[in-house]
Amino acid sequence: MGIPYFPGCTLSTKAKNYDRSGRAVAEALGFPLEELPEWQCCGATFPLMLDDSMALIAPTRILYQAQQAGDRVTTLCSICFNVLRRSQALLDRDEEMLDRINWFTEEEYEGDVHVAHFLEILRDDVGWEGGPESLAERVKRPLTGLKVAPYYGCLLLRPFEEIGLDDPEDPHILHDLVRALGAEPVDFPYNVECCGSYLIVKEPDVPKSLAKDIVVSAREHGADVIITACPLCQFNLDYPQRETKMSRAGEQLPVLYFTQLMAVALGLPEETWGFEDHYVDPRPFLARVANSP
Amino acid sequence: MNYRALVIGAGISGMQAALDIADSGYEVILVEKEPAIGGHMAQLSETFPTLDCSQCILTPRTVEVGQHPNIELLTLSEVVEVERISADQGDDGEGQPGFHVRIKRHPRYVREDTCTACGDCAEVCPVVVPNEFDRGLAARRAIYIPSPQAVPAVYRLDPDACLGLFPLACGKCAEACEVNAIDYDMQAEIIEEDVGAIIIATGYELYQDEAIVAYEYMSHPNVMDGLEFERLLSATGPTGGKIIRPSDRKVPKEVVFIQCAGSRNPEHGVPYCSKICCMYTAKHAILYKHRVPDGQVYVFYMDIRAGGKGYEEFVNRAMEEDDTVYIRGRVSKVFPTDDSVMVWGVDTLTGRKVEIAADLVVLASAIIPSSASRQIAQMLGVEVDEFGFYNADDAEMTPVESGVPGVFLAGTGLGPQDIPETVAQASGAAAKVLSRFQAAQAEERAREALDTSSSGDETVEANSVGAAARSDALSVTEAA
């Protein structure tokens, strides 16, 4: 059964490999992603002012589009997920705001679409291990011996009251995924630290220094690769490795979307992996896994 | 009424209350669930703000409790049932209210009247488990005495750690015992008592839950709570008072104290202030610096709450004389590094992020009520708040009365507080028990006097007897 899907801007431009691998994985697992027929940018930041109804218009319109398609909508991007999920939570408790936005958009959003992150569908609908249809059972090429550092960042987990996906201090949803794929999750202290986010545009030195701490820590804890669920995290961790001291041979760590790792493990065709779009080429790191039958 | 009191819990408050009542000539049954009395105070190294040796000021009290002719001490025991005897069904036929109490006494497997505490049994015991008294920093055998100063000074066989009692799997300790004090067949017994008043003094525990996860408390040996640090500081502790860190027995040179670990944290811990942590952290800083003069202490704090005589001065002493660096801000994360632990926090006075590579981290964990508090409250009909602390009938005007006639409260079961407050409260609760007993005794005497008077104008008689009883009661009070 298909699931209504909101790709968001980044996955349609800079992070096409996330979109491509995500769609392929969903298809293979039996829940093809059905892109909403009409959508626009979610706004990319959740408004923090209490009366900022303007910034809620975009996410509400997306939720309205999703309502036409079903009772839930999924996204891959952590930022879109954060904006949509929090907007939905706000509209759920603030009927007056919902009315005001509906009045302005002249659309009737009823306020009860569930915003589910792709990881949530994997966890709750597919299941990690155990059942015959579970993810572990579908793995064709177990990533045995690969040490994967799950990097969660901020927006996938916080604020817990509205997101509620996993423990924001000690999360494990990506760890569970890594285990189901046959690889070994690597715990490292920076896994919920901020990557610097949009400061990459205005103050690029900040994310660069944060990325260095994150990547070096993951490497020191024995990771072969880092995985993430956020295109901005991916960029902020991957891009600076071109030019900083980290880029010395043998000290780089490829930064993958979790869907790319899944595509490899599920034995999907190479064109779905999208490894050519990385600054640190993941292919040598995954070679031993990819070459195994 | 039965003029005996039951005191539940033999920490410093329960002991103080029991001694006050017993010294006034009434019998006390003192029930303690642990094998020895003294509570958490027995674990402390020094007390603030005087830096008295805790054991040294406590031991005279524990010994007095152990030897007092009016105190019946029941260790390894729990109150399991309390039945209220109302005024019209009193078992003494006089219709006086009181309580019928059932106490379960768990088997010690060592006869208290025979054991000489020589320790021969523990020497041959093959089982090694963490010692609870030392908060797991040292080991004990399955047959053990919690501390050298324990009262009663009797060994105890831990049936959970023992290789097996039913059927007997080892038996070495009984062979080693020259006085034949070990009895593997000892059974739990139910002791039934009638008492006229009850004092609940069940004390506190330390919060070890969710909020502490971020501070690696559960997983890293070099992150410990305040009571563990007390054991490290203590001259009778596992290191003899030497400060060494558990992971590699090195002397820690950079020590970070984190105040409000779980306290004042409605999101992830408890919302209330644990009250004593500002003071004991300052004490820890001072005592550490005295033992490791070239060490450096950092204290992360939210604000300093040092209300009390000499308290503010004490904290200033830690800052000024012992060069403790106080950083106003919270710690966001503690994580292991190759050598030890990294502490991330923020200095909110400069707005800067702080990173300290610490050799040892000590958490001032939140105080929570003893796990038994809710059960005991329910048994006695006493109210607790949402955290399990007992509610006084009126927190301002009757702070040691529970609202249930004859049931009084003392100590940290009411809420976080320090030793002087706890002791004062215990004496207050004891005074309430004494006044209850003496008022009832005066009334009894008045009634007896009434019954014996056979002739004359009854009204006049009753009045004069009443006056006599009142003056009688006064003289009893003076005698006490």
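Q: Hey, how many salt bridges does the rule find across the interface of chain B and chain A?
A: Just a quick note before we start: this is a predicted model. Across that interface the rule finds one salt bridge.

Q: Which side chains meet in it?
A: Lys333(B) and Glu193(A), with an N to O distance of 3.5 Å.

Q: And polar contacts between chain B and chain A, how many residue pairs there?
A: Two residue pairs are in polar contact, both partners being at pLDDT 80 or more. On the side of chain B that touches chain A, the residues divide into four nonpolar, one polar and two charged.

Q: How many residues does the contact take from each chain?
A: Chain B gives seven residues and chain A gives eight.

Q: What area is buried between the two chains?
A: About 650 Å² is buried between chain B and chain A, and carbon and sulfur atoms give 53% of that.

Q: Let's switch to chain A by itself. How is chain A divided into domains?
A: Domain 1 covers 3–118 and domain 2 covers 129–291.

Q: How far apart do the C-alpha centres of those domains lie?
A: The centres of domain 1 and domain 2 of chain A are 24 Å apart.

Q: How many residues of each domain are in contact with the other?
A: In chain A, 27 residues of domain 1 are in contact with 32 residues of domain 2.

Q: What about the buried area between them?
A: That comes to about 2400 Å² between domain 1 and domain 2 of chain A, with 64% from carbon and sulfur atoms.

Q: Which residues in domain 1 lose the most area to domain 2?
A: Asn17(A), Tyr18(A) and Leu29(A) do, and together these three account for 23% of what the domain 1 side buries.

Q: How many salt bridges and polar contacts are counted between the domains of chain A?
A: There are three salt bridges between domain 1 and domain 2 of chain A. The count of residue pairs in polar contact between these domains is twelve, with both residues at pLDDT 80 or more.

Q: Which helices of chain A each supply at least two residues of the domain 1 side?
A: Those are α1 (9–12), α2 (16–28) and α4 (78–93) of chain A. As for residue types, the side of domain 1 that touches domain 2 divides into 14 nonpolar, eight polar and five charged.

Q: Which residue's side chain meets Arg20(A) in a salt bridge?
A: That's Glu276(A), at 3.6 Å from N to O.

Q: Which side chain does Glu35(A) meet in a salt bridge?
A: Glu35(A) meets Arg23(A), at 2.5 Å from N to O. Glu35(A) is in strand β2 (residues 33–35) and Arg23(A) in helix α2 of chain A, so the pair ties together parts that are twelve residues apart in sequence.

Q: How many salt bridges over all chains?
A: By this rule, 38.

Q: New topic: how many helices and strands does chain A have?
A: Chain A has 14 helices and eight strands. The radius of gyration of chain A is 19 Å, close to the 19 Å from the globule rule for 293 residues, so chain A is as compact as a globular protein of that length.

Q: What does the C-alpha trace of chain A span along its principal axes?
A: About 55 × 45 × 30 Å.

Q: And how many helices and strands in chain B?
A: Chain B has eleven helices and 24 strands. Its radius of gyration is 26 Å, close to the 23 Å that the globule rule gives for 480 residues, so chain B is as compact as a globular protein of that length.

Q: What box do the C-alpha atoms of chain B fill?
A: Roughly 95 × 60 × 35 Å, taken along the principal axes.

Notes: Residues numbered from 1 in each chain as written. Chains lettered and ligands numbered in written order. Predicted model: local features only at pLDDT ≥ 70, side-chain atom pairs only at ≥ 80, totals over all residues. Heavy atoms only, no water. Domains from an automatic or database assignment. Contact = heavy atoms within 4.5 Å. Buried area = accessible area lost by both parts, 1.4 Å probe. Salt bridge = Lys/Arg side-chain N within 4 Å of Asp/Glu carboxyl O. Polar contact = N/O pair within 3.5 Å; in protein donor to acceptor, adjacent residues only side chain to side chain. Helix = DSSP H or I, 4+ residues; strand = E, 2+ residues; numbered from the N terminus. Nonpolar A, V, L, I, M, F, W, Y, C, P; charged D, E, K, R; others polar. Rg over C-alpha atoms; globule rule 2.2 N^0.38 Å.
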